[in-house]
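Dear colleague,

Please find below the structure I am handing over to you.

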Amino acid sequence: MTAPRVRWVFARRLSGVSMAGIARELNERGMACPSCAGRVRNAHRSGAGWTLPA
């Protein structure tokens, strides 16, 4: 499931969408951010959703 999402992110970026715009779209689509998907691995992150550093 990860590969299609990564391809989508790269396609959006190549089409000119900003990183902030991509993060916003991911949140609007309800796609789990890395810190939500792996809380143990990402305990140092807030899990609040996609952000620019994510």
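Predicted model: local features only at pLDDT ≥ 70, side-chain atom pairs only at ≥ 80, totals over all residues.

How many helices and strands does the secondary structure of the protein chain come to? There are 3 helices and 0 strands, where helices (H or I, at least four residues) and strands (E, at least two) are DSSP runs, numbered from the N terminus. Read from the N terminus, the order of elements is α-α-α.

Residues are numbered from 1 along each chain as its sequence is written, and side-chain values use heavy atoms, with hydrogens and water left out.

**The chain as a whole**

Of the 54 residues in the protein chain, 22% are buried. Buried means under 20% relative accessible area, exposed over 50%, and partly exposed in between (1.4 Å probe, protein chains only). The accessible surface of the chain is about 4000 Å², and carbon and sulfur atoms account for 60% of that surface. These areas come from the Shrake-Rupley method with a 1.4 Å probe; for residues, only the protein chains shown count as cover. Contact means heavy atoms within 4.5 Å. Among contacts between residues at least 6 apart in sequence, 20% join residues at least 24 apart.

Helix α2 spans residues 19–28, and its buried residues are G21, I22, A23, E25 and L26. Part of what covers them is α1 (2–14). After α2 comes G30, with a positive phi near 75°.

How do α1 and α2 pack? Their axes are 10 Å apart and the angle is about 140°. Axes are lines fitted to C-alpha atoms, for helices over the stretch in contact, and angles run from 0 to 180 degrees between N-to-C directions. The two helices α1 and α2 are therefore oblique to each other; angles under 35 degrees count as roughly parallel, over 145 as roughly antiparallel, 65 to 115 as roughly perpendicular and the rest as oblique.

On the α1 side, W8, V9, R12 and R13 meet M19, I22, E25 and L26 of α2. The residues of this contact comprise 5 nonpolar, no polar and 3 charged. Here Ala, Val, Leu, Ile, Met, Phe, Trp, Tyr, Cys and Pro count as nonpolar, Asp, Glu, Lys and Arg as charged, and the others, Gly among them, as polar.

**Individual residues**

R13, in helix α1, counts as partly exposed because its relative accessibility is 41%. Leaving aside neighbours within four places in sequence, R13 is in contact with S18, M19 and I22.

R24 lies in helix α2 and is partly exposed, at 49% relative accessibility. The C-alpha atoms of R24 and L52 are separated by 9.5 Å, although the two residues are 28 residues apart along the chain.

N27, also part of helix α2, is partly exposed at 36% relative accessibility. Not counting residues up to four places away in sequence, N27 touches G49 and W50. N27 and G49 are 22 residues apart in sequence, and 6.2 Å apart from C-alpha to C-alpha.

With kind regards
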